[in-house]
Structures are given as structure tokens and as C-alpha cells.
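Subject: Structure handover

Hello,

Please find the structure below, with the sequence alongside. My notes on what was found in it follow.

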Amino acid sequence: MLQEKLAGITQDLHTTDILEIILNSAYEGVAVVNKDGIIVEFNEAYSRFIGVDKKDAIGRPVSEVIDNTNLHQTVKTGISERGVIQYIQGQPMVVHRIPLWKEGELVGAVGMLIFEGVTELYRIYERFLEKTAQNGKINSQKLVENTKVSTSTIEKIIGKSDALAHLKRMTRKVAKTEATVLITGESGTGKEMFAQSIHDLSHYSQGPFISVNCGAIPEHLFESELFGYEEGAFTGAKKGGKPGKFELAESGTIFLDEIGEMPQMMQTKLLRVLQEKKFERVGAVEQIQLKARVVTATNRNLKEMVLSGTFREDLYYRINVIELTIPPLRKRPEDIPILIAHFLSDICKKYDMAEKEITDDAISSLMNYEWYGNIRELANIIEKVVILTDGNIINSHHLPNYIKRQHFSPIPIQSPINQLKKEEDNKEKEMIIQTLEESAGNKSKAADKLGIHRTTLYKKMKKHGLQ
């Protein structure tokens, strides 16, 4: 990757012939700064655009060379910015600002004048209009609204890690097929966004996307919810009957989330529907053709459930032609700063607040936290600190205590079983700390929230050294 190459040789970028060829062959302007915000590379395209010779730019602070740049801030925060508007010599330009990391240390940043395709053009134009409206140059938001274009959900999935890039490539590939897809991953990793992406990129995209949470449907209502019912099928049935989720998803996609929670009786019925591509409403005789793609997801280990007899083996293989496994956030820490930047901006807009910044110490604390609640937990934490922090700077002391208390000593090599036990112990400890804080130290309330007896809580606190 170019970024890795840049990060690995930041100290002598100007002596690297291969990198210089790449930079100067790029159509877009490219500028590279070190951790002090000093320009160490500057390509010919940028030089031509702003009229500053490369030899006069290198070695100078970037803020002295490029109008309205924020690149010297990028090397302080480590937060990337993509597709933002920057006025250079009076012209609104679209720029990317990307931090460079080497072995966990921020060593520099790259700034690029970028322009990518028709979809990017419309997104760029939207941002320009919004910026113009904020500056009072236009009086109506209607112009902004009229330029809105739809983008695939996959473009809204944020992150730069290799694992996420691979997952996106897989998603694009399987979306074009008819294969059934099982999306696996912990709670809060974004399984529904990947399901929606499969729908958006498939030939079912013009139809509806129907999401069903199998864990939220009472067992006795499962069949009628999925397949619908005829008038008079049971006491309380609506006059005229009611279509089920499969019927509503015609020509589109039905997403069965948390399929591991589906009762075994319904597992049998679902298997038959997937095999025969037909189903019938409760109380009906005539069958309805299945004309929807089925995508499923779970945060449970279905293989273990098959072995324990709680999930049908034949259904497991039927739904798992392609498995997309979303890695937890703690396995891709390089995505955390990007997500922080996104949530900061999004939440400030949501509450109509001035944009807030976050210090590198705070980002470091967030990057070292385990995030067992994954992206959902990160979003909640950012929302909390945005709301509760006075002023526009979020420091590490603004973060919840259970995040600040993390210890980052190297983890010794352990057997898989011991590693799993350690992870479970850490998760339990974090949960107890968080619950005690939420209960203002009241152990009875904390025990009630955790669903355990107070004496059990005392034992667990002693075990984790919390007394």
C-alpha cells in the first residue's frame, strides 16, 4: 500500500526515486508533511496549481505554502478527512487528508487534491453547496436538497483496514450472484449495513429491503409474521388477512437478523421455503412463489449450535453458501480514528453544535480500549462526550473512567483457552466497573442491573481487585 510505503520511509521521502515517480505521475496534487507539519514532498501537479516551485515548498511549514490547509492539524489529531472542501486561491477544491502511522506512532500526513468519478462529483457538489449555505452565500437549503443523490450503503461503511477492504470486495462479488449469504460477527459490528449493501449492489436493488429481527418475535407469532395469514386463520386475525415479511419482500431482499434465535419449529419451515422457493400464509391452501433474496446474520456460533442440536444442520448449510465474517473493532484499531472523526462530525450536526476536536491522548485511549460493544459502543461514547463536554476540545479526561483505566502492558503469549478466559474476565470486569459507575457506587442497584445477587457481585469484585 502507498500509505505503508510513505509511513515506512517518511524520514527520507525526497531521496526515494520510486516514490517520486509515483507522486509526480499523479494527476492530483499531492503534499506530504512530517509530524511537525513541515513539507517533505510536493508533487509537480500541486506546484503547477498553486504556482510555488517544489524546491521552494519543501522544508517550509505547510500552512505557509497551501491556502486554508488543515494538514498540520491532521498530524496532531491522527484523524483523516476525505472529500472535504478547501478554498485554495479562491477556488473550492476537494481534498483528502490522510495521517501516516508507523508502528502505532503518527509520523506524518498526506494531503491530496482528489476527484473520483460521477458519484463523487455529486457528493462533492452537495458539500460545496452546504458550505456555501453556511457562509451565507445562498439563502435556501432547497438547492442542496435538490442535488442529493443516492449512494450505496457500502460507501457509508467507514474504515481503511485491510480486513474491511477485503470484506467490501467480497460483498461486491457475492451481491451480483444468487448465493445465500450468512453474515457473522459480534453485536454492534454493522451486520445490517453489509446486508443492505448486498441488496443495493444486487439486481434486487429496485425492490424493498425487509429486515426481520428473529430475536424480537414471540415464538407463537413467528409463522404469521414471516408468511402472513388468511382471514379467519385464528382468533383475532384481521379481516382480509395480512401479508408476511416474505411476501412484502417480493422482488427485493429479506434480511433475517439473529437467525440463531429462530425456534426449531420455524427452522424446519424456513428450510422448506428455501428448498422449494414457495411458502403459504397461515390458514391458506395456495402457495406463493418466493421472489426475494434471503440474507441472514447472527452473532452466535451456529456451528456450536448445530453440534448441541439447537440449530438444524441442513438449514445451516442451506443459508451458509457464502459466509461474510465482520471482524470486531478491537481487531482493526486503524479504523477507530476514522470512525471517531465521522461520529464527531455527525453528532455535532445532529445536535446543531459547533464542530468539536479531540486530542491525540483521547484518541490513544479510545484506540487501546477493547470495544466489546464494537462500533455501536464507540458511537454511543462519542455521542456522550460530545454532549457532556463543555468547549470544543475533547481531552482524555472527558472520557468515561472505565476507558481511562485501561492498562496497556504487553499481553504474554497464552494458549487459546487461556486467551479466551482472559478476554471473558476482562469483559466481566469492564461491565462491573461501568455498571457501578452508572449506579453511583450502589452495589445493590449494580447487582440488580447485572442480574446477579449482591453477594455474587462482592465475590466478582474481589476476584477482579475492585474492592
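**The sheet and its helices**

Phe 255 stands opposite Val 295, which is in β13. The two strands concerned are β10 (residues 253-257) and β13 (residues 293-298), which pair in the parallel sense over four bridges. Strands count as paired if DSSP finds at least two bridges between them. Strands here are DSSP runs of E with at least two residues, and helices are runs of H or I with at least four residues, both numbered from the N terminus.

Before going on, note that this is a predicted model: local features need pLDDT of at least 70, side-chain atom pairs count only at pLDDT 80 or more, and totals for chains, interfaces and linings use all residues. Residues are numbered from 1 along each chain as its sequence is written, and side-chain values use heavy atoms, with hydrogens and water left out.

β10 and β13 belong to an open sheet of five strands, in the order β7-β10-β13-β6-β14, with parallel pairing. At the edges are β7 and β14 (322-325), each of which pairs on one side only. On average, neighbouring strands of this sheet are turned by 20° against each other, direction ignored. Helix α9 (residues 162-175) packs on the sheet and touches β6 (181-184), β13 and β14; its direction makes about 150° with that of β14. Helix α10 lies across β6, β7, β10, β13 and β14, and runs at about 155° to β6. For these angles, axes are lines fitted to C-alpha atoms, for helices over the stretch in contact, and the angles run from 0 to 180 degrees between N-to-C directions.

**The chain as a whole**

The chain has 22 helices and 16 strands. Of its 467 residues, 44% are buried. Buried means under 20% relative accessible area, exposed means over 50%, and partly exposed is in between (1.4 Å probe, protein chains only). Among contacts in the chain with a separation of 6 or more, 62% are between residues 24 or more positions apart. A contact means heavy atoms within 4.5 Å.

The mean pLDDT of the chain is 82, and 81% of its residues reach 70 or more. pLDDT is the predictor's confidence in each residue, from 0 to 100. Over residues 9-16 the pLDDT is below 50, and this stretch has 12 contacts in the model beyond near neighbours in sequence. Residues 407-413 also have a pLDDT below 50, with one contact beyond near neighbours in sequence.

**Salt bridges**

The structure holds 17 salt bridges. A salt bridge is a side-chain nitrogen of Lys or Arg within 4 Å of a carboxyl oxygen of Asp or Glu.

Which residues form salt bridges with Arg 281? One is Glu 230, with the closest N and O atoms 3.5 Å apart. Arg 281 lies in the loop between β11 (278-279) and β12 (288-289), and Glu 230 in the loop between β8 (228-229) and β9 (242-243), so the pair ties together parts that are 51 residues apart in sequence. Arg 281 is buried, at a relative accessible area of 14%, whereas Glu 230 is partly exposed at 31%. Another is Glu 247, which meets Arg 281 at 3.0 Å, N to O. Glu 247 is in helix α12 (residues 245-248), and this pair also links distant parts of the chain, 34 residues apart. Glu 247 counts as partly exposed, at 22% relative accessibility.

Elsewhere, Glu 64 forms a salt bridge with Arg 60, their closest N and O atoms being 3.9 Å apart. Glu 64 is exposed at 52% relative accessibility, while Arg 60 is partly exposed at 31%.

**Two buried residues**

Is Gln 86 buried or exposed? Gln 86 is buried because its relative accessibility is 3%. Gln 86 sits in strand β3 (residues 81-88). Its side chain reaches the backbone oxygen of Asp 67 at 2.7 Å and makes a polar contact with the side chain of Arg 97 at 2.8 Å. A polar contact is a pair of N or O atoms within 3.5 Å; within protein, one must be able to donate a hydrogen and the other to accept it, and residues adjacent in sequence count only if both atoms are side-chain atoms.

Tyr 204 lies in the loop between α10 (191-201) and β7 (209-213), and is buried at 14% relative accessibility. Not counting residues up to four places away in sequence, Tyr 204 touches several residues, including Glu 178, His 199 and Lys 291.

Regards
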